[in-house]
Amino acid sequence: MRIFSGIQPTGRKHLGNYIGAIRGYLEGQERGDPAIYCIVDLHATSVSYDPTTLPGYVLDTAAMLMAAGLDPDRCILFRQSDLHEHSELCWLLSSVAPYGDLQRMTQFKDKAEREQELVRTSLFLYPVLQAADILLYKADEVPVGDDQRQHLELAREIARRFNSTYAEVFVEPEAVIPGTGARIMDLQNPDAKMSTTGSTEAGLVYIDDEPEAIVKKVKRAQTDSGTEIVRAPDKQGITNLIDIYAVARGVSSEEVEREFAGQGYGAFKEAVGEATAQLLAPVRERYRELRADEAAIEGALQQGADRAREIAVPSMAEVHAVMGLGARR
Ligand code: TRP
């Protein structure tokens, strides 16, 4: 079972990333043969960004993943731009990527709308680069958030078209999307997903937030005017806190409802804050240690890139051969 996923090098990761994606990566590390995790700095250049801060963000992300439990000896953890094969395959796959499909990508439309100056062509090609990431490693499974469904469907379509146009080279990847409960909402605006770009400071719990800051943010979380600690469509704030507590304590949401039946919101929020701080404290401490040693992080990423190349280089040779590129065979 080959597993592949990509993660954006946004500087700080939050509770939503941890519960929604990073825990899935850890589980994948156990099952993957191998599990391959790529920090997608090339994707980061598809919107306005600062070239002087990007390299540090990549290291932040690598350190965070390792702090959470990814072991560079047991999985392949690497930086996308260390392998030119990703960029190259993006171009080659664009020969079978339907232009109309790309125009229908909702993330392209959303991000294009938010862009102040320039809508970059790379933003339009973003899903093709993502397909290249996945197909290059012939991944069977791709753990991703719910918002990546459409991109994964496109990757499958590109694999099918490539295989029928040229030759059977690629595997059609399966998206693995975590169930509800894995979807953590903004503390201040609980009908929106907790997100680096969309949430305010108060709505976000960063993995490296101080425990006191976490408790404070959870205490101030937006809830409803009711009193009952139950999950309900009109109680999104409380529902979110129940889900967070369930994950932090490793219990079901029903058990949380039972545990807090009859208690007030104040006591419940206090308990959720403490549990969240406890969940993240070890990760935060390991992160501090790991992040201080940049040479060690670089070393791990270089080792990851070498191992990624062992898979990517032969894939590219196959692609060249069936597409009729390079010297005549
Ligand atoms: N687009 C993904 C996201 O924003 C990141 C990503 C890039 C990715 N390449 C990938 C995810 C390949 C899975 C597989 O989350």
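What follows is a short exchange on the ligand shell, the cysteines and one serine of this predicted model.

Trainee: How many residues surround the ligand, and which are the closest?

Mentor: The shell holds 13 residues. They divide into six nonpolar, six polar and one charged. The closest are Gly6, Tyr126, Gln130, Asp133 and Gln148.

Trainee: Which element gives the largest share of the shell around the ligand?

Mentor: Two elements, β1 (3-7) and α7 (121-136), each supply at least two residues of that shell. The largest share is four residues. It comes from α7.

Trainee: What is the distance from a ligand nitrogen to the side chain of tyrosine 126?

Mentor: A polar contact needs N or O atoms within 3.5 Å. A nitrogen atom of the ligand lies 2.9 Å from an N or O atom in the side chain of glutamine 130. For the side chain of glutamine 148, the value is 3.0 Å. For the side chain of tyrosine 126, it is 2.7 Å.

Trainee: How much of the ligand's area does the protein bury?

Mentor: Start with the ligand taken alone, which exposes 370 Å². The share it buries is 88%.

Trainee: How many disulfides are there?

Mentor: A disulfide is a covalent bond between the sulfur atoms of two cysteines. The cut-off for the sulfur pair is 2.5 Å. By that rule, the count is zero.

Trainee: Which cysteine sulfur is nearest to that of cysteine 75, and how far away is it?

Mentor: Cysteine 75 is in no disulfide. A pair would need its sulfur atoms within 2.5 Å. The nearest cysteine sulfur is that of cysteine 38, at 12 Å.

Trainee: And which is nearest for cysteine 90?

Mentor: Cysteine 90 is in no disulfide either. Its nearest cysteine sulfur is 13 Å away. That sulfur belongs to cysteine 38.

Trainee: Does cysteine 90 count as buried or exposed?

Mentor: Buried means under 20% relative accessible area. Cysteine 75 has 0%, so it counts as buried. Cysteine 90 has 9%, so it too counts as buried.

Trainee: Is serine 253 buried or exposed?

Mentor: Serine 253 lies in helix α11 (residues 253-259). Its relative accessible area is 12%. The limit is under 20%, so serine 253 is buried.

Trainee: Which side chain makes a polar contact with that of serine 253?

Mentor: Look beyond its neighbours within four places in sequence. There, serine 253 is in contact with Arg231, Ile242, Asp243 and Ala246. The polar contact between side chains is 3.3 Å, and the partner is aspartate 243.

Methods: Residues are numbered from 1 along each chain as its sequence is written. This is a predicted model: local features need pLDDT of at least 70, side-chain atom pairs count only at pLDDT 80 or more; totals for chains, interfaces and linings use all residues. Side-chain values use heavy atoms; hydrogens and water are left out. Buried means under 20% relative accessible area, exposed over 50%, partly exposed in between (1.4 Å probe, protein chains only). A residue is near a molecule or strand if one of its heavy atoms lies within 4 Å of it. A polar contact is a pair of N or O atoms within 3.5 Å; within protein, one must be able to donate a hydrogen and the other to accept it, and residues adjacent in sequence count only if both atoms are side-chain atoms. Accessible areas come from the Shrake-Rupley method with a 1.4 Å probe; for residues, only the protein chains shown count as cover. Ala, Val, Leu, Ile, Met, Phe, Trp, Tyr, Cys and Pro count as nonpolar, Asp, Glu, Lys and Arg as charged, and the others, Gly among them, as polar. Contact means heavy atoms within 4.5 Å.
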